Amino acid sequence: MLFHVRMDVELPPAMPEAQAGALKQRERELAQALQRSGKWRHLWRIAGQYANVSVFDVASVDELHALLTSLPLFPYMRIAVMPLCRHPSSAREDDA
């Protein structure tokens, strides 16, 4: 199942820089591992914002929920999820 996910990050202004840096590093490592596994298919930054738009390819809504809640920055995110399905007019056969 494919899901479009928007994640907006809002770290507390009072968070110490070392703590924020450690969280971001753990987030980067997990995000890259999930991308290599094929679960996190696409990751795009939204210009001018601390936010991204991503596409996840997972077996179920429950798997997506578990994956998102495991992210180190999850407590500081607003997340919007949209399930996706292939459009019948798509010219790409490999985008199921």
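Modeller: Four elements, β1 (2-9), α1 (17-37), β2 (40-45) and β3 (51-57), each give at least two residues to the lining of the largest pocket. Helices (H or I, at least four residues) and strands (E, at least two) are DSSP runs, numbered from the N terminus. A pocket is an open set of points on a 1 Å grid over the protein atoms alone, where a 1.4 Å probe fits, with protein on both sides within 12 Å along at least five of seven lines; lining residues have an atom within 4 Å of a point.

This is a predicted model: local features need pLDDT of at least 70, side-chain atom pairs need 80 or more, and totals for chains, interfaces and linings use all residues. Numbering starts from 1 along each chain as its sequence is written, and side-chain values use heavy atoms, without hydrogens or water.

In total, 18 residues line the largest pocket. Glu27, Leu43, Arg45, Tyr50 and Asn52 lie nearest its centre.

Now the wider chain. The protein chain has two helices and four strands. From the N terminus, the order is β-α-β-β-α-β. Its C-alpha trace spans about 50 × 25 × 20 Å along the principal axes. Of the 96 residues, 29% count as buried (under 20% relative accessible area; over 50% is exposed, in between partly exposed; 1.4 Å probe, protein chains only).

Next, β1. Asp8 sits in this strand. Asp8 is buried, at 10% relative accessible area. Beyond its neighbours within four places in sequence, Asp8 is in contact (heavy atoms within 4.5 Å) with Gln49, Tyr50, Ala51, Tyr76, Met77 and Arg78. Tyr50 is also among the residues nearest the pocket centre.

The rings of Trp40 and Phe56 have centres 4.7 Å apart and planes at 35 degrees, so the pair is tilted. Trp40 is in β2 and Phe56 in β3, 16 residues apart, so the pair links distant parts of the chain. Trp40 is buried, with a relative accessible area of 2%. Phe56 is buried too, at 0%.

Methods. Phe/Tyr/Trp six-rings, centres within 6.5 Å; stacked < 30°, edge-to-face > 60°.
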